[in-house]
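Please look through the model below together with these numbered points.

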Amino acid sequence: LFLLLLLPLAGFDLSQYFRHLHIYLIEQLAKLGGLIHFRLTNLLVGVYRLQQQLEIFLQHPDRFLLRGLEPEDDHQKAKKIRENVCIACLGLFDLDRIATLACEVKKNEGYQQYQCEAGFLTSISLPIVLHLRQLALWLDVLDRFPQVFSATSAPDIAVKDALKMIIIDQLEQTLGKPFSVDGVMINVPYSYANEQEELQTLELVSPGVFASRKTNKHTKKEFISRNAFEKHFTPDVINKDRFRKHYSVPPVSTEEVGLVRGELSFTGPTIFLAGRYNKFSRELSQTPWMIDGKRKMEGSVQETIAASIAPHFGVSEEQLIFSSSGREDVDVRCLGEGRPFVLEIIDAKTDQLPEEVAIRMEQQVGTSKTVAIRDVQLVKREDLVHIRGGEEDKRKFYRALCVTTNEPVTEAMVHKLRIDEPFVMQQVTPLRVLHRRTLLARPRTVYSVRAYACRENPYAMVVDIVSQAGTYIKELVHSDFGRTGPSFRSIIGTAIDIHALDVMAIDLDWPKKLRRAEEGVN
């Protein structure tokens, strides 16, 4: 300060000095980027205010010389040490506070319950008021340095991105794990006590924006969203004079009010476990069977599998989301290699599945005697396309025990049901599923049919069928009162029904076959 006071005495133009200092700081700001912007902008504003104070001093030195002559009490001394929070980041980039975050995460019991080798990722929730303050600073530097900054291109990077660069580096060093989208989510919320009060000024700046938001049922619940702010509040969109009238440019802050970090929370990764299941019971549904809120039968394939898998991942059975390549009816068995299935496990406490644990899961399910699983393994989200995509292109292999009702099976009937050439039939939504499926006529391809007479029962025959996925096999046999055609009934010219049905194979080579010891898979 003393040297600055000597500049005018030495013949220097004080305003020119500050002008060059401003330009130097702006050049550094442009070089260093957004992470430093908040610190440097604070310095820039401080220099600007120092210039104003010095100019006043040179005009009225008596005002300043009399200051400080009065004795200071302890309260005044203590107050001098305190500083206002940063006008740009509201204390967000306080390095002392940031430095403690990584240690807090490592010691937090909520984080310690996760054993995830993939690492971690962060979810930082910041008040929208930071965008408002960025806007005010943007307008300020535009006024002072129009040759350097543009009204259409922000002078810095997003606050959240800048903070993440600092936090992620510290977390990697402290936790000894990498940043990964497949890791444990570390949720870091921040709040600002005066946010609503400051944001209210936006309604005075651009009333039209809020008039439309209040009439829109999707947006009227929140004052303004981050996307709406970025769309409607930029220097090239707003009325700058109106903005300055209702909000300070540059923004101001106090020593009492800054950002407050909330309680840390954690969310485990979503992982996917795949395998194949066999179903040996004709009295077991694939998923819990509920009608009008009441269970129709105890147990299901899904629940039997989930009971053995959920404990390892530290979640409840209800948290598992089950999906499979098709489904069989309650009274249909699923044999052969089994039906591919996937369990989506949300907030998993571990992302590892040791081989011995997978084997134990398979053995435990096998003890049910109604369900068995094999090839249990973890898969990636992108692998789910195998089970969810191209369903109509898949082929299913069935074996049906069929019985004629009016006359014994003849050699001619068996011959007619030995079809090697594919044919297309039309299936109107079966009556038995009409309560839950749309009424439509669906074309389905039957690729082959092979019938064999039964020696033990003259009215019975075993028929092997290869058909397009989504075919209703029971209706293919008896025609569902003529709603499916052609059907076995129409082909042989006599009434025929299905006594038992098994799924023998599914034309889907996924997930990878592991060929483990199959204890319990009998």
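1. K369 is exposed, with a relative accessible area of 65%, where exposed means over 50% relative accessible area, buried under 20%, and partly exposed in between (1.4 Å probe, protein chains only). Although K369 is not a glycine, its phi is positive, at about 65°, and the residue lies in the loop between α16 and β10. Helices (H or I, at least four residues) and strands (E, at least two) are DSSP runs, numbered from the N terminus.

2. This is a predicted model, in which local features need pLDDT of at least 70 and side-chain atom pairs count only at pLDDT 80 or more, while totals for chains, interfaces and linings use all residues. Residues are numbered from 1 along each chain as its sequence is written, and side-chain values use heavy atoms, with hydrogens and water left out.

3. F481 is placed in the loop between α19 (473–478) and β16 (484–485), and at 76% relative accessibility it counts as exposed.

4. Helix α16 (residues 355–366) has 12 residues that should span 16 Å at 1.5 Å a residue, and its end C-alpha atoms are 17 Å apart, which agrees; the expected span is 1.5 Å times one less than the number of residues. Its buried residues are V357, A358, M361, E362, V365 and G366, and these pack against β5 (271–279), α15 and β10 (371–379).

5. How do α15 (residues 301–309) and α16 cross? Their axes come within 9 Å and cross at roughly 140°, which makes α15 oblique to α16; angles under 35 degrees count as roughly parallel, over 145 as roughly antiparallel, 65 to 115 as roughly perpendicular and the rest as oblique. In this contact (heavy atoms within 4.5 Å), T304, I305, A307, S308 and I309 in α15 meet M361, Q364 and V365 in α16.

6. Helix α8 (residues 129–144) has 16 residues and reaches 23 Å from its first C-alpha to its last, close to the 22 Å expected at 1.5 Å a residue. Of its 16 residues, 14 are buried, so α8 is largely enclosed by the rest of the structure.

7. Finally, please check two cis peptide bonds: one joins V249 and P250, with omega about -5°, and another joins W510 and P511, with omega about 0°. P250 is in the loop between α14 (240–246) and β3 (259–261), whereas P511 is found in the segment after β17 (496–506).

Notes. Axes fitted to C-alpha atoms, helices over the stretch in contact; angles between N-to-C directions.
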